[in-house]
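The sequence and the model are shown first.

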Amino acid sequence: MESKDSHVIEHMEELRSRIIKTLIGFVAFFILSFIFVQDIYELLIKDLEGKLAVLGPSEILWVYMIIAAVCAIAATIPLAAFQVWRFVAPALKPEERKVTFRFIPGLFILFIIGISFGYFVLFPIVLGFLTSLSAGQFEMMFTVEKYFRFMINLILPFGILFEMPLVVMFLTRLGILNPTRLKKSRKISYFALVIVSILITPPDLISDILVIVPLLVLYEVSVQLSNIVYRKRLLREQSAFPVT
């Protein structure tokens, strides 16, 4: 019993160490991003007509901190994934360690793809649609805080949601998920994704559809990738334990 308790304590200490290292990495990336935050800010508003309004002295600081935080999150993803991998690696077979280690760069790449999709594709469409509603009726003026809050609330979830296929592949590789379970939970998953899309988009039908469709496609891609990984896993198990 004491041996079991000490084993649990060791695991908790290991988890604590991994979390601390990840947080230290996030802080370091945040500081580095904040050094160049003005350049990033200028890049994000270069296509915006006119200047953004500031309603208070602390508003621009809040925007700079949010921009730096998003950049730090993107940079921290590979580090966090590596720490998770190091935590679960002792329970994996040598071959599984090599395979799962290859997922780490993919997490960063998919996050960037998701952010890029949200910023370059979805954000201009949604912003253009919403501004067209007030054309000729209201004088349009954006504040820094409102503009960037709207932008980040729209694009940041896509960076996270685009990780779905790789996370599903990883969990399938570990035997936690399988394509059959994903197919059975398709209706619930669809409902959850629809709710997420409604929460992260402005309250209009066009924006909801523009978000819902990619999310449902991502889920179906995840199911197909899970099916591929699951079949390969079964083949490996059958070759390791051939039927006599």
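Gln83 is located in helix α3, which covers residues 59-88. With a relative accessible area of 7%, Gln83 is buried, because the cut-off for that class is under 20%. Apart from neighbours within four places in sequence, Gln83 has contacts with Arg18, Lys21 and Thr22. The coordinates belong to a predicted model, and the values below are computed from it.

**Overall layout**

The protein chain has 10 helices and 0 strands. Read from the N terminus, the order of elements is α-α-α-α-α-α-α-α-α-α. The C-alpha trace spans about 80 × 40 × 30 Å along its principal axes. Of the 244 residues in the protein chain, 38% are buried. Among contacts with a separation of 6 or more, 82% are between residues 24 or more positions apart.

A second residue of helix α3 is Ala69. Ala69 has a relative accessibility of 19% and therefore counts as buried, the limit being under 20%. Once neighbours within four places in sequence are set aside, Ala69 is in contact with Phe26 and Phe30. The C-alpha atoms of Ala69 and Val27 are 9.0 Å apart, while the two residues are 42 residues apart in sequence.

Two packed helices are described by the angle between their axes and the distance between those axes. For α3 and α6 the angle is about 20° and the axes are 9 Å apart. Because angles under 35 degrees count as roughly parallel, α3 is roughly parallel to α6. The crossing of α3 over α6 is left-handed. On the α3 side the contact consists of Glu59, Ile60, Trp62, Val63, Ile66, Ile67 and Val70, and these meet Val144, Glu145, Phe148, Arg149, Ile152 and Leu156 of α6. By class, the residues of this contact are 10 nonpolar, no polar and 3 charged.

**Helices α5 and α6**

Helix α6 (residues 144-161) also packs against helix α5 (residues 103-133): their axes come within 7 Å and cross at roughly 140°.

The α5 side of the contact includes Leu110, Phe111, Gly114, Ile115, Phe117 and Gly118. Further along α5, Tyr119, Leu122, Phe123, Val126, Leu127 and Leu130 also take part. Their partners in α6 are Tyr147, Phe150, Met151, Leu154, Ile155, Leu156, Phe158, Gly159 and Ile160. The residues of this contact divide into 18 nonpolar, 3 polar and no charged. Leu156 is listed in the contact of α6 with α5 and also in the contact of α6 with α3.

**Aromatic pairs**

The model has 18 aromatic pairs. Two of them are set out below.

| Pair | Centre to centre | Angle between planes | Class |
|---|---|---|---|
| Phe117 and Phe162 | 5.7 Å | 35° | tilted |
| Phe123 and Phe150 | 5.8 Å | 50° | tilted |

Phe117 lies in helix α5, and Phe162 lies in the loop between α6 and α7; the two are 45 residues apart. Phe117 is partly exposed, at 23% relative accessibility, whereas Phe162 is buried, at 12%.

The other pair joins α5 to α6: Phe123 is in helix α5 and Phe150 in helix α6, so parts of the chain 27 residues apart in sequence are tied together. Phe123 has a relative accessible area of 4% and is buried. Phe150, at 21%, is partly exposed.

Phe123 and Phe150 also belong to a cluster linked by ring pairs, whose other members are Tyr41, Tyr64, Tyr119, Phe120, Phe142, Tyr147 and Phe148.

**Helix α7**

How many residues of α7 are buried? The count is 8 of 10, so this helix is mostly covered, given the cut-off of under 20% relative accessible area. The buried residues are Met164, Pro165, Leu166, Val168, Met169, Phe170, Thr172 and Arg173. After α7 comes Gly175, which has a positive phi, near 85°.

Definitions and conventions
Residues numbered from 1 in each chain as written. Predicted model: local features only at pLDDT ≥ 70, side-chain atom pairs only at ≥ 80, totals over all residues. Heavy atoms only, no water. Axes fitted to C-alpha atoms, helices over the stretch in contact; angles between N-to-C directions. Helix = DSSP H or I, 4+ residues; strand = E, 2+ residues; numbered from the N terminus. Contact = heavy atoms within 4.5 Å. Nonpolar A, V, L, I, M, F, W, Y, C, P; charged D, E, K, R; others polar. Phe/Tyr/Trp six-rings, centres within 6.5 Å; stacked < 30°, edge-to-face > 60°. Buried < 20%, exposed > 50% of the residue type's maximum accessible area, 1.4 Å probe, protein only. Parallel < 35°, antiparallel > 145°, perpendicular 65-115°, else oblique. Left-handed = near helix turned anticlockwise from the far one by under 90°.
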